[in-house]
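Let's take a walk through a protein model, piece by piece. Keep the picture open while you read, and look for each part as it comes up.

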Amino acid sequence: MILDLADLVDLQSDRIAIALLEGAREKGLREPQLEILGTDIDPVAVAEAQRGIYPAEQIEALSPVIVARYFDRGSGEIANLYRIKDWIWQRCQFRIQNLLSENYPDGAFDGILARNVFIYFKRDEVSRIASRMREGLVP
Ligand SMILES: C[S@@+](CC[C@H](N)C(=O)[O-])C[C@H]1O[C@@H](n2cnc3c(N)ncnc32)[C@H](O)[C@@H]1O
C-alpha cells in the first residue's frame with residue numbers, strides 16, 4: 001500500500017499507480033497488488049481525484065499506449081473527457097487530510113510520498129510529519 005500525501009493535483013496518485021504497474025510490466029514481474037491512498041487538504045482536489053474524470057487535453061499528453069491501457073474516452077457530449085478505468089480506480093482511495101492535524105492515516109505503508117508540501121511548514125512541523133511518515137512505513 002502506498003500513501004501519497006498532499007498530491008492530488010494533475011492526476012498525481014493515478015500517475016503513481018500507473019508508474020508502478022508499468023514498472024512491474026517492463027520488468028516482467030507479476031502485477032502488484034497495488035493500493036494507493038491519496039490525500040490532500042483541498043476538498044476540491046480530493047473530490048476531483050475521487051471522480052477520476054479528466055479533460056482530454058490532459059490525458060492526451062500521456063503516451064497513447066498508457067491512455068489505451070488505463071483510460072476510457074467518453075462519447076457523444078462527453079467525448080472531451082476521459083475516465084480512469086474501473087479496475088485501477090478501485091485501487092485508489094482519496095481523502096481529505098491536513099498534515100498538521102492529529103488525524104494522520106493509520107496503517108503500514110510500503111511507500112510514502114510527499115512532494116512539494118514541506119515548503120508550507122515550519123521546521124518543527126516538518127519533523128513531526130517526517131516522524132509520522134517513518135512510523136507508518138512497513139519495516
Ligand atoms: C505545491 S502543491 C504540490 C502538489 C503536488 N504534490 C505536486 O508536487 O505537484 C502543495 C499541495 O499541498 C497541499 N497542502 C497544503 N497545505 C497542506 C496541509 N496542511 N495538509 C495537507 N496538504 C496540504 C495543497 O492543497 C497542494 O495540493
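## A parallel sheet

Start with D4: its bridge partner in strand 2 is G38. That pair belongs to a set of three bridges joining strand 1 (residues 2-5) to strand 2 (residues 36-40), and the two strands run parallel. Before going on, a word on the model: it is predicted, so to speak, with local features needing pLDDT of at least 70 and side-chain atom pairs counting only at pLDDT 80 or more, while totals for chains, interfaces and linings use all residues. Residues are numbered from 1 along each chain as its sequence is written. As for the terms, helices (H or I, at least four residues) and strands (E, at least two) are DSSP runs, numbered from the N terminus, and two strands pair if DSSP finds at least two bridges between them.

Where do these two strands sit? They are part of an open sheet of four strands in the order 6-2-1-7, paired in parallel. At the edges you'll find strand 6 (92-96) and strand 7 (111-114), each pairing on one side only. From one strand to the next, the twist averages 15 degrees. Helix 2 (residues 43-51) packs on this sheet and touches strand 2 and strand 6, and its direction makes about 160 degrees with that of strand 6. Angles like these run from 0 to 180 degrees between N-to-C directions, with axes being lines fitted to C-alpha atoms, for helices over the stretch in contact. Contact itself has a cut-off: the C-beta atoms of two residues, placed from the backbone, lie within 7 Å.

Zoom in on strand 4: three bridges join it to strand 5 (residues 81-84), and the two run antiparallel. One spot to look for is F71, which stands opposite I84 in strand 5.

## Around the ligand

Which residues come nearest to the ligand? Of the 16 residues around it, they are A6, I41, L99, R115 and N116. "Around" has a cut-off too: the C-beta atom of the residue, placed from the backbone, lies within 6 Å of the molecule. Sorted by class, the shell has eight nonpolar, four polar and four charged residues.

Two of the names deserve a second look. A6 lies in the loop between strand 1 and helix 1 (12-26), and its phi is near 50 degrees, a positive value in a residue other than glycine. N116 has its place in the loop between strand 7 and helix 6 (123-135); its phi is also positive, about 55 degrees, although N116 is not a glycine. Is each one buried or exposed? A6 is buried, with 23 other C-beta atoms within 10 Å, whereas N116 is exposed, with 9. (Buried takes 20 or more other C-beta atoms within 10 Å, exposed 12 or fewer, and partly exposed is in between; C-beta atoms are placed from the backbone.)

## Stepping back

The protein has six helices and seven strands. Along its principal axes, the C-alpha trace spans about 50 × 35 × 20 Å.

Methods
Ala, Val, Leu, Ile, Met, Phe, Trp, Tyr, Cys and Pro count as nonpolar, Asp, Glu, Lys and Arg as charged, and the others, Gly among them, as polar.
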